[in-house]
Amino acid sequence: QDNLVQINVAVTLGDIGKPALPALIEALDGSTITIRLKIIMALNRINSFKAKSSVMRQIPILIEALNDEMNIRIHTVEVLGLIGTAAKPAIPSLIGMLNDSDERLCASVVLALGRIGNPNQELVSVLIRILKNDKRTTVQNAITQALELFGKSAGSAVPALIEILNVSDKKNQSRIVLALDNIGTLEARKAAQEWRVRQTRDPR
């Protein structure tokens, strides 16, 4: 019950904004990881250098929490994704979680990597491999969204996206085409345009 009250307080303070900064920062010390995650989310919504600096100082604790029980791991991954580019130190740990058997965790990790950004060829190659071999729809959709966020940096993923475009259902095809549009290479744009032409001829 006390934890629930503290969580609700953290959310409310985040809504208040900058005037709540001292209370939020003070509350970080000694909090359980569940409450700490809510406080970090609240701080992340406040547009100030002090808030962002406080969030950055929590990154090592968040990385450590990636080894906690499953619900905490998933929540931590989601928070790292919300933090965005400032969470780059967590990328190696997140990549290490990509082969987890839990579908929700794996999909959350992929989306977090997409939101954090900083894609290199190694990461794109890992996502391509998973895209080809992991048939779980949630995971495939998450990879497609991450590649869309990577844009031109994901150019090497275009052949794999085209391959699954031809075997996916209509809803997933639309997501893949959006990713191809955003990657924007000549090959990607051509495949997206050809798909749209096919839909015009046979919209089923």
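**View 1. Gln173 in helix α11.** Gln173 has its place in helix α11, residues 170-183, where helices (H or I, at least four residues) are DSSP runs numbered from the N terminus. The structure is a predicted model in which local features need pLDDT of at least 70 and side-chain atom pairs count only at pLDDT 80 or more, while totals for chains, interfaces and linings use all residues. Residues are numbered from 1 along each chain as its sequence is written, and side-chain values use heavy atoms, with hydrogens and water left out. At 13% relative accessibility, Gln173 counts as buried, a term that means under 20% relative accessible area, with exposed over 50% and partly exposed in between (1.4 Å probe, protein chains only). The side chain of Gln173 reaches the backbone oxygen of Leu165 at 3.2 Å. Leaving aside residues up to four places away in sequence, Gln173 touches Leu165, Ser168, Trp195 and Gln199, a contact being heavy atoms within 4.5 Å.

View 2. Helix α2 spans residues 21-28, and Leu21, Leu24 and Leu28 are buried in it. Seen down the axis of α2, its buried residues fall within an arc of 70°, so they line one face of the helix; the arc is that of the directions from the helix axis to the C-beta atoms. On the other side of α2, Pro22 and Glu26 are exposed. After α2 comes Gly30, with a positive phi near 80°.

**View 3. The largest nonpolar core and Leu94.** The largest nonpolar core has 67 residues, and those with the most contacts inside it are Leu94, Leu98, Leu127, Leu147, Leu161 and Leu180. Helix α7, residues 103-116, gives the most to this core, with nine residues. Such a core is a set of buried Ala, Val, Leu, Ile, Met, Phe, Trp, Tyr and Cys residues joined through side-chain atoms within 4.5 Å. Not counting residues up to four places away in sequence, Leu94 touches Leu66, Val77, Leu80, Val109, Ala112, Leu113 and Ile116.

View 4. The secondary structure of the chain comes to 12 helices and zero strands, and 49% of its 204 residues count as buried. The chain averages a pLDDT of 85, and 89% of the residues score at least 70. Over residues 1-5 the pLDDT is below 50, and beyond near neighbours in sequence this stretch has one contact in the model; pLDDT is the predictor's confidence in each residue, from 0 to 100.

Definitions and conventions: Helices (H or I, at least four residues) and strands (E, at least two) are DSSP runs, numbered from the N terminus. A polar contact is a pair of N or O atoms within 3.5 Å; within protein, one must be able to donate a hydrogen and the other to accept it, and residues adjacent in sequence count only if both atoms are side-chain atoms.
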